[in-house]
Amino acid sequence: MLNRRRLPLIATISLAGFFNSPFAGPSALAQAAPTPVQSGNGAEVLRLATRIGIGPSELLTAGASPADAAQVVANIHNWRIAHGSTLVLAEEALRTASREEASAKALVRRDPNTANRAALTSAVNSLAATANHLKAILDAAALNAVAGLPEQVRSSLVNIRAASSVQVPEYLKVVSRSAEEWVALRDAVERSSSRLSSGQPAHAEDATLLTNAEANPLVVAAKQRLESLDQGVRAAFEAAISALP
């Protein structure tokens with residue numbers, strides 16, 4: 001089990017100095033231009049694609065083709081037609097549950113009597129259940145978004161999404177790892193970046209861990225795709241978004 005210090009997996013670390021690291025990849029060095037702002041269905045599909053972590057950058061990293069990118073846009077659009085209202089209701093339920101939890105906490109701070117503490121427990125449980133419900137809906141949307149794509153592309157997209165909060169180069173995320181493995185890799189990147197930025201060599205064990213991670217064939221291919229800065233996937237994604245009615 002991870003210790004309490006590391007439970008907020010990766011989200012709080014800083015990669016200052018990462019630009020000087022030999023492990024810094026294209027996702028750290030050159031951010032792609034954002035997809036142009038859309039309106040109507042295009043805006044909603046783009047919003048959902050961003051929420052589920054399946055956009056042009058992830059598609060390129062995963063090895064998707066321009067045709068795959070257009071398919072993803074169509075899949076998300078069709079999912080929204082069928083389930084968009086369910087998503088809206090779940091989002092509103094989460095906002096309501098969050099407000100109710102905040103109110104219950106305020107009541108307990110003012111008067112921590114038995115009734116107020118029980119109400120807070122109920123509100124906390126309700127918020128957790130509502131958040132899990134919304135997560136399940138977004139997970140279903142993500143699964144639907146990659147339907148019909150080549151198996152390896154689908155697998156890589158699933159892995160990238162699962163590691164979305166991990167602050168390591170994007171190309172490393174195409175491989176599935178346990179939470180413990182991600183923490184170890186994250187820490188190795190952070191330590192190596194810090195040491196290299198101050199002119200010190202990386203620790204041998206960190207260098208070995210990172211070298212082994214980058215040697216994975218799927219990672220090698222993903223890194224090469226990002227280094228190519230090929231705009232075909234992004235162009236196809238944006239064209240499909242713009243073409244929505």
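This is a predicted model: local features need pLDDT of at least 70, side-chain atom pairs count only at pLDDT 80 or more; totals for chains, interfaces and linings use all residues.
**Entry 1: helix H2.** I began with helix H2 (residues 40–51), which has 12 residues and reaches 17 Å from its first C-alpha to its last, close to the 16 Å expected at 1.5 Å a residue. The expected span is 1.5 Å times one less than the number of residues. Helices here are DSSP runs (H or I, at least four residues; strands are E, at least two), numbered from the N terminus.

I then looked up which residues of H2 are buried, and found Gly-42, Val-45, Leu-46, Leu-48 and Ala-49. Because they cover an arc of only 165 degrees around the axis, they are on the same side of H2. That arc is taken from the directions from the helix axis to the C-beta atoms. Gly-40 and Thr-50, on the other side of H2, are exposed. Buried means under 20% relative accessible area, exposed over 50%, and partly exposed in between (1.4 Å probe, protein chains only).

What covers the buried residues of H2? I noted that the cover includes helix H4 (66–110), helix H5 (114–145) and helix H10 (232–242). After H2 comes Gly-53, with a positive phi near 70 degrees.

Entry 2: Residues are numbered from 1 along each chain as its sequence is written, and side-chain values use heavy atoms, with hydrogens and water left out. The mean pLDDT (the predictor's confidence in each residue, from 0 to 100) is 87 for the chain, and 84% of its residues reach 70 or more. Over residues 1–32 the pLDDT is below 50, and this stretch has 58 contacts in the model beyond near neighbours in sequence. A contact means heavy atoms within 4.5 Å.

**Entry 3: the whole chain.** I found 10 helices and 0 strands. Of the 245 residues in the chain, 39% are buried.

**Entry 4: Thr-61.** Leaving aside neighbours within four places in sequence, I saw Thr-61 in contact with residues including Ile-160, Tyr-171 and Leu-226.

**Entry 5: two last stops.** Leu-229 lies in the loop between helix H9 (217–228) and H10. Its phi is near 55 degrees, a positive value in a residue other than glycine. Finally, I found the charged end of Arg-177 over the ring of Trp-182, 5.0 Å from its centre. The rule asks for NZ of Lys or CZ of Arg within 6 Å of the ring centre and within 35 degrees of the ring normal.
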